[in-house]
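Me: I would like to learn how to read the fold of a protein model, going from its overall dimensions to its sheets, helices and backbone details. Could we take one feature at a time, with the general idea before the case?

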Amino acid sequence: MEDTMRALILTKNQEIELRTTFPIPQIKEGFVLVKVKRAGICASDIGYWKHGGANLQLPVILGHEVSGIIVDAGDTSFSKGSRVFLTNDFYLCGECRFCKSGNNNMCIGRRSIGSKENGGFAEYILAPKGIVRIIPEGMSFEEAAYLEVLACGVHAIVNQAKVKVNDLVFVSGPGAIGLSAALTAKAMGCRVVLGGLSQDIHRLQIAQGLGIDYVVDISQENLAEIIHDLSDGYGADITVEAAGVYPSLQTCFELTRKRGTCVEMGVLHGTSTIDLSVVMFKELIFTGSYAKNERDWIIARDLVALNRVEVGPMISDIMSLEDYEKAFDKSIRTDCFKIMFDPELRN
């Protein structure tokens, strides 16, 4: 094996740089070396590039949606050649109140791949054995890399919203993260409404094809009337804000029934004026949903492995690391869902 690899790095100058002679990580105790097969571009990767973030430690190789093949299992119980996907948590302290309660996404010492530790936008990644998971038989590398996104949806719907069968769930924002929440809710037996704009028509059509009950172009249809009619006038039991804009959150507050739950999944940038009095008057539960826990990964894996959630149609393109600028641009277009890198592709 060669000594160097290609890697896409966010530099200390907040610039993206493709390095073609980055040293391949050396195996060490408790780690495995994985040859990356697929690495998905997340909105947070673009956010780190454009806006920075407290979670960053630069320079760093981006990418936290990763699947691949073990090429060196080191001293672990894994086998060379195993097909694996990676969870995000490069390091968890295991001692804080959050780790001990199973809420490791809140660990006070948490370090994640692709932000504080080198991630998957490279030909190889050195991964601690604790984040390595075997890909179920029959699952593709694309599906395995997408499990990270689906696990976020599981965390929002199952862990935070605590949905029940036949709940009416409204998701605002038909991007990859919003559709993952919607698909999870559907798999849990809920009635699901997914809202977007006219520019999102491609995504809404795909969502409808994947079994979402109601897809709504809120710029053309009366969303409030639709929710009213579906809920006998009460409002949605659960709303999920996944667009990452304040007007979307206001809409979610207004459409949630009294004593219902509103979950914030989108990353809201900047500040805005928003009416929170509705939270008091309707006794809403307003909660955030950040990352995911081990149980969310397990549910996400099983949903795909058991064909209860189909993610294939959400993989819009597989691109090379050299085409990263085109890949980033394409990933934010509304006619696409998930763009993934295949580090083996070369121009």
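Reply: Let us begin with the radius of gyration, which is taken here over C-alpha atoms, and which is set against a globule rule of 2.2 Å times the number of residues to the power 0.38. Please keep in mind throughout that this is a predicted model.

Me: What radius of gyration does the protein chain have, and what would a compact globule have with 347 residues?

Reply: For 347 residues the rule puts a compact globule near 20 Å, and because the protein chain has 20 Å, the two agree. Along the principal axes, the C-alpha atoms fill a box of roughly 65 × 45 × 40 Å. Within the protein chain, the secondary structure comes to 10 helices and 18 strands.

Me: How should I read a sheet, and what is the order of the open sheet of six strands?

Reply: In a regular strand the side chains alternate between the two faces of the sheet. The order of the strands then tells you who sits beside whom: here it is 13-12-11-14-15-16, and the pairing is parallel. Strand 13 and strand 16 (285-288) are the edge strands, each of them pairing on one side only. If direction is ignored, neighbouring strands of this sheet are turned by 20 degrees against each other on average.

Me: How many bridges join strand 12 and strand 13, and which residue is the bridge partner of Leu194?

Reply: Strand 12 (residues 191-196) and strand 13 (residues 214-217) pair in the parallel sense over four bridges. The bridge partner of Leu194 in strand 13 is Val215, while Gly196 stands opposite Asp217 of that strand.

Me: Which strands does helix 7 lie across?

Reply: Helix 7 (residues 246-255) lies across strand 11 (168-172), strand 14 (236-241), strand 15 (256-264) and strand 16, and it runs at about 150 degrees to strand 15.

Me: What is the order of the open sheet of three strands, and is its pairing parallel or antiparallel?

Reply: That sheet has the order 2-1-4 with antiparallel pairing, and its edge strands are strand 2 (16-23) and strand 4 (60-61). Strand 1 (residues 4-10) pairs with strand 4 over two bridges, and Val60 in strand 4 is the bridge partner of Leu10.

Me: Turning to helix packing, at what angle do the axes of helix 3 and helix 9 cross?

Reply: The axes of helix 3 (residues 141-160) and helix 9 (residues 294-305) come within 8 Å and cross at roughly 120 degrees, in a right-handed crossing. By class, their contact has 10 nonpolar, two polar and five charged residues. The residues that meet include Leu147, Leu150 and Val154 from helix 3, and Trp297, Ile299 and Leu303 from helix 9.

Me: Finally, for the backbone, where is the cis peptide bond, and which residue has a positive phi although it is not a glycine?

Reply: The cis peptide bond joins Leu58 and Pro59, with omega about -5 degrees, and Pro59 is found in the loop between helix 1 (43-51) and strand 4. The positive phi, about 55 degrees, belongs to Asp232, which has its place in the loop between helix 6 (223-230) and strand 14.

Note on methods: Residues numbered from 1 in each chain as written. Predicted model: local features only at pLDDT ≥ 70, side-chain atom pairs only at ≥ 80, totals over all residues. Heavy atoms only, no water. Pairing = 2+ DSSP bridges. Axes fitted to C-alpha atoms, helices over the stretch in contact; angles between N-to-C directions. Left-handed = near helix turned anticlockwise from the far one by under 90°. Contact = heavy atoms within 4.5 Å. Nonpolar A, V, L, I, M, F, W, Y, C, P; charged D, E, K, R; others polar.
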